[in-house]
Amino acid sequence: MFPTLDPLLHSELRLAVMSLLVSAEDAEFPYIKEQTGATAGNLSVQVDKLSAAGYIEVEKTFKGKKPCTICRITPIGLKAFEDYVTALKSYLMVK
């Protein structure tokens, strides 16, 4: 029997966001958008879903007079990501 893959992380874009945030202390929205190739609207929706689940924190601030959205992974999000990767590896080891 295989472990269940977290449906929240099984989305390509949400998984990409989490992967970026695992390796960075934090990331600004435009950087995540550029790295994932997502539209601003779609990325915003997916960031909201990750935030609502407690997987990431979203900080809205300003750089000068321009709004700046910073995302960072939470300990809960890191654990969920690690569990997802472990579960995925179990699927790949099947012969």
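The count of salt bridges comes to 4, a salt bridge being a side-chain nitrogen of Lys or Arg within 4 Å of a carboxyl oxygen of Asp or Glu. Side chains of opposite charge can pair when their charged atoms come close. This is a predicted model, in which local features need pLDDT of at least 70 and side-chain atom pairs count only at pLDDT 80 or more, while totals for chains, interfaces and linings use all residues. Residues are numbered from 1 along each chain as its sequence is written, and side-chain values use heavy atoms, with hydrogens and water left out.

One of the salt bridges joins R72 to D26, with the closest N and O atoms 3.4 Å apart. This pair links distant parts of the chain: R72 lies in strand β3 (residues 66-73) and D26 in the loop between α1 (12-22) and β1 (27-28), 46 residues apart. Helices (H or I, at least four residues) and strands (E, at least two) are DSSP runs, numbered from the N terminus.

R72 also forms a salt bridge with E59, at 3.1 Å from N to O. Here strand β2 (residues 56-63), which holds E59, is linked to strand β3, which holds R72, and the two residues are 13 apart. R72 is partly exposed at 21% relative accessibility, as are D26 at 33% and E59 at 34%; buried means under 20% relative accessible area, exposed over 50%, and partly exposed in between (1.4 Å probe, protein chains only).

K79 and D83 form another salt bridge, at 2.9 Å from N to O. Both sit in helix α4 (residues 75-92), and because they are 4 residues apart, about one helical turn separates them. K79 is partly exposed at 47% relative accessibility, and D83 is partly exposed at 40%. Elsewhere, salt bridges that share partners join D26, E59 and R72 into one network.
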